[in-house]
Structure formats: structure tokens, C-alpha cells
Amino acid sequence: MLVSLEGLGFYDKGAGGDFFREGRATYGGDVVVNPHGGLLSEGYIHGFNHHVEAVEQLRGQAGQRQVPGARTAVVTAGGGPYGGALLYEAA
């Protein structure tokens, strides 16, 4: 995840640790990362749950996990030289 966010330009190369340590990757920070807990607190269904979370956030249907004013969501997957990203935007 650190490398994905770095590649997407959220912080400079090698600055991911500080970005997370400073609380910039959670509620009240610059960006909220994995508001549903990622794969640490949900069943692993090949990343589909990340897409569901993105849509729920943009629809304002995420309940207690809701990111206030969510208008854009990015879902990334993959590792090594292979990967991809999907950008969701609220209509």
C-alpha cells in the first residue's frame, strides 16, 4: 500500500512511513485509507470488498465508516511489476 500511494503521488518517494505516522492517512488527515479495515477485518474475496466500500463511501452509505464529503475513491491491487488502479468519482 505504501508504494501504491507513493506512485499515485500522495507523498514523495520514501515518505510513506511519516505520512501514516503523522495521521495523514486516516479520518481528519489528507486522505482516509481503508476505512473498512482492508483485508484485516473482512473476508478475502479477491478485493471485491474494496470496490463495494468505494461505492458505499461515494453514495454516503458507509455508516460509521463514512468519510465526510467523500467524492473520489481509488482502489488499487497487485504487487511487484503488475497492478492496477480504478478511480471512482461521485456523480
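**The aromatic cluster**

Modeller: Y11, F19 and F20 are joined into a cluster by ring pairs. The model is predicted, so local features require pLDDT of at least 70 and side-chain atom pairs pLDDT 80 or more, while totals for chains, interfaces and linings use all residues. Numbering starts from 1 along each chain as its sequence is written, and side-chain values rest on heavy atoms, without hydrogens or water.

Rings of Phe, Tyr and Trp (its six-membered ring) pair if their centres lie within 6.5 Å; planes under 30 degrees apart are stacked, over 60 edge-to-face, and the rest tilted. This rule gives 2 aromatic pairs. The pair of Y11 and F19 is tilted, because the planes stand at 45°, with the ring centres 4.9 Å apart. F19 also pairs with F20, edge-to-face, at 6.1 Å centre to centre and 65° between the planes.

For burial, relative accessible area under 20% means buried, over 50% exposed, and in between partly exposed (1.4 Å probe, protein chains only). F19 is buried because its relative accessibility is 1%, and Y11 is buried at 8%. F20, at 30%, is partly exposed.
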